[in-house]
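Here's a quick briefing for anyone meeting this structure for the first time. Have a look at the sequence and the model, then read on for the main points.

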Amino acid sequence: MSDNDVAAKRLTKPKLERPKLYKVLLVNDDFTPREFVVMVLKAVFRMGEEAGYRVMMTAHKLGTSVVVVCAKDVAETKAKEATDLGKEAGFPLLFTAEPEE
Ligand code: TYC
């Protein structure tokens, strides 16, 4: 390696970009039973009864609730899995994956 290369290497800071995080949001609706929402939160997001109930009630009262913050592919896969469980049961239950600000 020449002296120039060494100098260049020192000047170029290796930029390791942190991968963007995504949040999975639970969206309220008027039709999905509360117990069903909690069941889905437990099944897909491995939440306990209490945490699931809290997240469900937050969406119920405020419109949406953050379920989890994680990598993009995981967020998208889980949001779809959870939404599909609602669909299969005939409910309009919706989970979305959105980038964190
Ligand atoms: N609002 C629904 C009801 O009263 C319960 C519910 C809560 C549905 C949260 C969706 O994301 C949701 N049965």
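**A salt bridge and a ligand site**

K23 and E101 pair up in a salt bridge, with 3.9 Å between their closest N and O atoms. K23 sits in strand β1 while E101 is in the segment after β3 (94–99), so this pair ties together parts that are 78 residues apart in sequence. Keep in mind that this is a predicted model.

**Salt bridges**

- Counting by the 4 Å rule for side-chain nitrogens of Lys or Arg and carboxyl oxygens of Asp or Glu, there are 4 salt bridges.
- In general, side chains of opposite charge can pair when their charged atoms come close.

**Where the ligand sits**

- You'll find the ligand in the largest pocket.
- The residues around the ligand are L26, V27, N28, D29, T32, R34, V37, M56, A59 and H60.
- By type, this shell splits into 5 nonpolar, 3 polar and 2 charged residues.

**Which elements build the shell**

- Three elements each bring at least two residues to the shell around the ligand: β1 (21–27), α2 (34–45) and α3 (49–62).
- Of the contributors, α3 gives the most, with 3 residues.

- On the backbone side, an N or O atom of V27 is 2.8 Å from an oxygen atom of the ligand.
- N28 uses its side chain instead: an N or O atom there lies 2.8 Å from a nitrogen atom of the ligand.
- For T32, a polar backbone atom is 2.9 Å from a ligand nitrogen.
- How much of the ligand does the protein bury? Taken alone, the ligand exposes 350 Å², and the protein buries 88% of that.

Note on methods
Residues numbered from 1 in each chain as written. Predicted model: local features only at pLDDT ≥ 70, side-chain atom pairs only at ≥ 80, totals over all residues. Heavy atoms only, no water. Near = heavy atom within 4 Å. Polar contact = N/O pair within 3.5 Å; in protein donor to acceptor, adjacent residues only side chain to side chain. Areas by Shrake-Rupley, 256 points an atom, 1.4 Å probe, with all protein chains shown as cover. 1 Å grid on protein atoms, 1.4 Å probe; cavity = no way out; pocket = protein on both sides within 12 Å on 5 of 7 lines; lining within 4 Å. Sits in = over half its atoms within 2 Å of the grid points. Helix = DSSP H or I, 4+ residues; strand = E, 2+ residues; numbered from the N terminus. Nonpolar A, V, L, I, M, F, W, Y, C, P; charged D, E, K, R; others polar.
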